Amino acid sequence: MNKKWFIVILLAIGGLLGTGASLVTAEIAHSTGDAAFCGSCHSMEPMANTFKLDVHGGNNSHGFVAQCVDCHLPQDSVVSYMLDKTKHGINDVFVENFTNTDEIDWIARREERERFVFDSGCLSCHQELLDRKDAENPKSLQTHAHYKNQLASGDPIQCVSCHVTVGHNGMLRSELNKRHPEYSFKSK
Amino acid sequence: MLTLLLTVTASWVYADAEPDWKSLADEYTLKPHHQKLKFDCVMCHQGNDPEEFEPLESENCLSCHGSAKKVADRLQFMDPNHTNPHNSFHDGLSLDCYECHAEHEPSTNLCADCHTTTSWMGKVP
């Protein structure tokens, strides 16, 4: 075999292996992003249960269902999506299997929503929301204009800064209270 | 005549001038959850003259917060013990926001007027 054919065969095998690895990675990424998968972990059951009650989780007349990763991973580039997915995947497998997730104060953690919900996710679906000229609730035009102004001024707020219960139908706190009640309700 | 002209012109100019929202925000502090959103006064109040601002009604709060039911549903876990302040035994969904919540001064707890609420309610935001 001469050198030219050796390089051609090497490139063909490399290409096939690379394409195969990419397809397997894409399939794994695709099948590990929905509520069925995320909710299979004990700690995420309340999140998955309340997601199903929400308009984003299928409680709508169109039969539309988003995936957890549509909101909880950045959607602005494939690189940032895959980097965050890998990082969270490693973290979540370790935390779920080797720590007691019942000790995590999930109710308090909701206050960190701006860290784990991404505007790029909201805006990849709600693409024309910020430029609407009319709305059922006119107040939303004012608040979304405020969002755009803050973004332009370099002092942004995030979608979930206002939409604090989005994706979980306002029920997550109540669902989490079933495991860890905030109050003892001792009557006086 | 010149004085009159200057007075009229000045009043016209200043009537349309926007006040210094940042110094007003320092004077009329917002609750932390609203402050974090970087709202100007006009997000809630109408007009450019703070002297003319009207106190808000519950319906103004609900233009962002949705509805009395939506607000009550967020505390649904308190319903079995009848301690949901937004859906109470006494007032149902009809309690005025301002019975407890205040924006520019400390909020109060209406329930605590008669009940000891320490075991079933947090600080009113």
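How many residues does the contact take from chain B and from chain A? The contact takes 17 residues from chain B and 21 residues from chain A. The structure described here is a predicted model.

**The contact between the chains**
- On the side of chain B that touches chain A, the elements that give two or more residues are helix H4 (58-65) and helix H5 (68-73) of chain B.
- This side of chain B is made up, by class, of six nonpolar, six polar and five charged residues.

**Domains of chain B**
- Chain B is assigned domain 1 (20-54) and domain 2 (68-125).
- Between the C-alpha centres of domain 1 of chain B and domain 2 of chain B there are 25 Å.

**Helix H9 of chain A**
- Helix H9 of chain A covers residues 139-152, and its end C-alpha atoms are 20 Å apart; this agrees with expectation, because 14 residues at 1.5 Å a residue should span 20 Å.
- Just after H9(A), A:Gly154 has a positive phi of about 80°.

- Not counting residues up to four places away in sequence, A:Cys159 touches A:Asp119 and A:Cys122.
- A:Cys162 has 18 other C-beta atoms within 10 Å and is therefore partly exposed.
- With its neighbours within four places in sequence left aside, A:Cys162 is in contact with A:Thr143 and with B:Leu37, a residue of chain B.

**A:Cys125**
- A:Cys125 is located in helix H8 (residues 119-125) of chain A.
- Because 13 C-beta neighbours lie inside 10 Å, A:Cys125 counts as partly exposed; a residue with 12 or fewer would be exposed.
- A:Cys125 and A:Glu27 are 98 residues apart along the chain, and their C-alpha atoms are separated by 22 Å.

How values were computed. Residues numbered from 1 in each chain as written. Chains lettered and ligands numbered in written order. Predicted model: local features only at pLDDT ≥ 70, side-chain atom pairs only at ≥ 80, totals over all residues. Domains from an automatic or database assignment. Contact = placed C-beta atoms within 7 Å. Helix = DSSP H or I, 4+ residues; strand = E, 2+ residues; numbered from the N terminus. Nonpolar A, V, L, I, M, F, W, Y, C, P; charged D, E, K, R; others polar. Expected span 1.5 Å × (residues − 1). Buried ≥ 20, exposed ≤ 12 C-beta atoms within 10 Å, placed from the backbone.
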